[in-house]
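Let's take a friendly walk through a protein model together. Have the sequence and the 3D view ready, and turn the view as you read.

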Amino acid sequence: ASDLDMWYSFAGGNLINSEMPLDLLRDFFGAFDNAVAAYEDESTSALTASWRFAHAETVLPFATMLGVFHAQDTMTAAYRDENRYFRSSVRAPFAANIVAT
């Protein structure tokens, strides 16, 4: 897919792209809260990892919501800057991960 298509469909080109993964963000931080609570409660074993696997179409909106793609000029078909920050093949290739510890 072209960068232009990915920008408007899954990244910073549309505001809704940064709002779609709100449930994923709640779950992401909920896992942290649960791990801290389990760690502080010595009677239970602490959660050591919470894994989520997804394709670029999920990673891009989530990264957009986290502010990874900021200060990006609006991309148009005439936008030919080879040094642009957003490149879908680099920012969310077929196999991409977001890791937090």
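**Starting from Asp 3**

Leaving aside its neighbours within four places in sequence, Asp 3 is in contact with Met 75, Arg 84, Phe 86, Arg 87, Ser 88 and Ser 89; contact means heavy atoms within 4.5 Å. Asp 3 sits in helix α1, where helices (H or I, at least four residues) are DSSP runs numbered from the N terminus. Is Asp 3 buried or exposed? Asp 3 is buried, because its relative accessible area is 13%; buried means under 20% relative accessible area, exposed over 50% and partly exposed in between (1.4 Å probe, protein chains only).

A word on the background: this is a predicted model, in which local features need pLDDT of at least 70 and side-chain atom pairs count only at pLDDT 80 or more, while totals for chains, interfaces and linings use all residues. Residues are numbered from 1 along each chain as its sequence is written, and side-chain values use heavy atoms, with hydrogens and water left out.

Now look for the largest nonpolar core, which has 11 residues in all: Met 6, Trp 7, Ala 11, Ala 56, Leu 60, Ala 63, Phe 69, Met 75, Tyr 79, Phe 86 and Ala 92. A nonpolar core is a set of buried Ala, Val, Leu, Ile, Met, Phe, Trp, Tyr and Cys residues joined through side-chain atoms within 4.5 Å. In soluble globular proteins, nonpolar side chains tend to be buried together.

Next, follow helix α3, residues 22–40. Its 19 residues reach 27 Å from the first C-alpha to the last, close to the 27 Å expected at 1.5 Å a residue; the expected span is 1.5 Å times one less than the number of residues. Which residues of α3 are buried? They are Leu 25, Phe 28, Gly 30, Ala 31, Ala 35 and Ala 38, and the buried residues of α3 pack against α4.

Finally, visit the segment after α5, where you will find Ala 100. Not counting residues up to four places away in sequence, Ala 100 touches Phe 28 and Phe 32. Ala 100 counts as partly exposed because its relative accessible area is 38%. Along the chain, Ala 100 and Ala 49 are 51 residues apart, and their C-alpha atoms are separated by 9.7 Å. Ile 98 also lies in the segment after α5 (88–91), and at 33% relative accessibility Ile 98 is partly exposed.

How values were computed:
Helices (H or I, at least four residues) and strands (E, at least two) are DSSP runs, numbered from the N terminus.
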